[in-house]
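Trainee: I would like to go through this model with you, one question at a time.
Mentor: Go ahead.

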Amino acid sequence: MMRWYVAHTQPLAEAKASWHLRNQGFTVYLPRYLKRRRHARRTDWIASPLFPRYLFIAMDLAVAQWRAIRSTVGIAGLVCHGDRPTPVPNGVVETIEAREDDNGVVALPVAPPFDQGEHIHITEGALRGLSGLYEGSTDEERVVVLLDLLGRQVRVRVKLETVQAVA
């Protein structure tokens, strides 16, 4: 019976391991999500593995030569209980696949980056150096900050990547 199993990959080798497993005839699922990457004052979004260092493999243990997976390029091993791979509970992979968009990227719900009322500090832009209270998010990229300016409280919207929690 075909079931999903989990393979543990070597660091940053999920795509390489997936490619080699597919060449061996296995059905592989590597869920990805959009991750914000910030480098040299530039922010962009890249597709990254949803579960770093893990991928799913569909196979029938009675038929598949699953022991060959352990020696596949990019694979560190299989998630096992004893000497046999442990199957993923039914419906888990299908639920993840159902959350994918047209580009094959898993849509994740956006959690508020800070708690309401938390002190935050603006690190870039015209308001750099000011501190205020986190009020909420307007979308995935902007937050509302309550600042004390000229003796009164003012709500401002700034980019999420320009604020950080006060330590």
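Trainee: Which residues of helix α1 (residues 14-23) are buried?
Mentor: This is a predicted model, where local features need pLDDT of at least 70 and side-chain atom pairs pLDDT 80 or more, while totals for chains, interfaces and linings use all residues. Residues are numbered from 1 along each chain as its sequence is written, and side-chain values use heavy atoms, without hydrogens and water. Helices (H or I, at least four residues) and strands (E, at least two) are DSSP runs numbered from the N terminus; buried means under 20% relative accessible area, exposed over 50% and partly exposed in between, with a 1.4 Å probe and protein chains only. In α1 the buried residues are Glu14, Ala17, Ser18 and Leu21.

Trainee: Which exposed residues does the face of α1 turned away from the buried side carry?
Mentor: That face is the one turned away from the buried side of α1. Its exposed residues are Trp19 and Asn23.

Trainee: In what order do the 4 strands of the open sheet run, and which stand at the edges?
Mentor: Two strands pair if DSSP finds at least two bridges between them. The order is β2-β5-β1-β6, with antiparallel pairing. Each edge strand has a single partner, so one side of each is left without a neighbour in the sheet; these strands are β2 and β6.

Trainee: What angle does the direction of α1 make with that of β5?
Mentor: Contact means heavy atoms within 4.5 Å, and α1 packs on the sheet, touching β1, β2, β5 and β6. Axes are lines fitted to C-alpha atoms, for helices over the stretch in contact, and angles run from 0 to 180 degrees between N-to-C directions. The angle with β5 is about 15°.

Trainee: Is Ser18 buried or exposed, and which side chain does its side chain make a polar contact with?
Mentor: Ser18 counts as buried because its relative accessible area is 4%. A polar contact is a pair of N or O atoms within 3.5 Å; within protein, one must be able to donate a hydrogen and the other to accept it, and residues adjacent in sequence count only if both atoms are side-chain atoms. At 2.4 Å, the partner of the Ser18 side chain is that of Arg22.
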